[in-house]
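Please read the following points with the model open beside them.

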Amino acid sequence: MTAEQDVGAGIERRHRARVLAVVNQKGGVGKSTTAVNLAAALGDLGKRVLLVDLDPQGNATSGFGLDKNQRQECVYNALLSGTPIENLIEPVTVENVFAVPATIQLAGAEIELVSAFSRETKLKSVLSPVLDDFDFVFVDCPPSLGLLTVNALTAADGVIIPVQCEYYALEGLSKLLESFKLVKTHLNPGLEIFGVVMTMYDARTKLSQAVLEEVRDFFGDKVFETVIPRSVRVSEAPSFGQPVTVFDPSGRGAEAYRSLAVEVLSRV
């Protein structure tokens with residue numbers, strides 16, 4: 001059975017997938033880590049999850065152990081070459097979880113999309129045929145506010161914003177929120193802030209606590225109660241091609257992402 005056949009085999013869907021873009025134009029805040037580990041935790045809870053890697057760096061792809069250097073096609077081909085997204089979906093090592101990988105080929109998409117017809121809605125169009133096959137679709141965005149991120153916002157029902165517990169945590173978020181409002185006004189009226197997740201939290205430091213309070217003051221109840229701790233095991237897991245829920249299943253990081261998954265379900 002092929003991967004695309006397996007996606008829909010024997011499954012009766014009574015609802016459309018919730019599409020969530022994991023976005024922050026700052027690099028190093030835990031976007032890919034959150035996308036991979038939240039997808040894995042929801043898969044462990046029996047939810048069918050598709051992770052679309054929209055970042056040319058391909059961190060979410062390698063985070064699930066998929067070799068981004070050995071692929072002839074990736075999400076680029078769905079966006080710009082007309083390849084059906086069903087042909088690009090691959091199962092990963094976590095049950096119920098599938099991925100659409102990215103390769104460096106995606107780096108040229110920003111430029112090529114500029115002249116494309118309906119350039120902002122490409123991802124929305126290519127995802128449409130598979131939304132009934134999943135409970136959740138996560139889109140891991142690049143660290144920019146270019147056309148790839150605009151495509152993710154246009155396709156999404158909501159955004160998850162990872163914010164690291166460090167100085168300048170809110171730096172640049174005004175630009176992100178400005179882009180969010182523009183997309184909501186002109187392209188996707190149903191777009192919402194689904195949640196803000198605090199990452200790299202160190203309970204021993206006053207700084208982490210102060211940043212957490214600052215972000216909660218700013219975003220209110222949009223901030224998840226679960227915080228993701230600073231953890232060597234969370235950082236190590238991608239180099240082994242595994243989510244931390246597999247790499248260190250009893251560790252603090254895995255427990256945090258499982259808790260976050262339960263919170264996500266409570267908001268659906």
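**Notes on the model**

1. Six aromatic pairs turn up in a search of the whole structure; rings of Phe, Tyr and Trp (its six-membered ring) pair if their centres lie within 6.5 Å, and planes under 30 degrees apart count as stacked, over 60 as edge-to-face and the rest as tilted. One of them joins F98 and F134: the ring centres are 5.8 Å apart and the planes stand at 70 degrees, so this pair is edge-to-face. It links distant parts of the chain, 36 residues apart, with F98 in strand β4 (residues 97-100) and F134 in the loop between α6 (122-127) and β5. Helices (H or I, at least four residues) and strands (E, at least two) are DSSP runs, numbered from the N terminus.

2. This is a predicted model, in which local features need pLDDT of at least 70 and side-chain atom pairs count only at pLDDT 80 or more, while totals for chains, interfaces and linings use all residues. Residues are numbered from 1 along each chain as its sequence is written, and side-chain values use heavy atoms, with hydrogens and water left out.

3. Buried means under 20% relative accessible area, exposed over 50%, and partly exposed in between (1.4 Å probe, protein chains only).

4. The whole structure contains zero disulfides (a disulfide is a pair of cysteine sulfur atoms within 2.5 Å). For C74, the nearest cysteine sulfur belongs to C141 and is 15 Å away. C74 is buried at 0% relative accessibility, and C165 is buried at 3%.

5. Strand β5 (residues 136-140) has five of its five residues buried, so the rest of the structure largely encloses it. F136, F138 and D140 point one way, V137 and V139 the other. β5 pairs in the parallel sense with β1 (residues 18-22) over five bridges, and with β2 (residues 49-53) over five bridges; pairing requires at least two DSSP bridges between the strands. D140 is the bridge partner of V22 and also of D53.

6. In helix α8, the buried residues are L173, L176, L177, S179, F180 and V183. Seen down the axis, they fall within an arc of 160 degrees, so they line one face of the helix; the arc is that of the directions from the helix axis to the C-beta atoms. S174, K181, T185 and H186 are exposed on the other side. The buried residues pack against α7 (147-155), β6 (158-164), β7 (192-201) and α9 (206-219), contact being heavy atoms within 4.5 Å.
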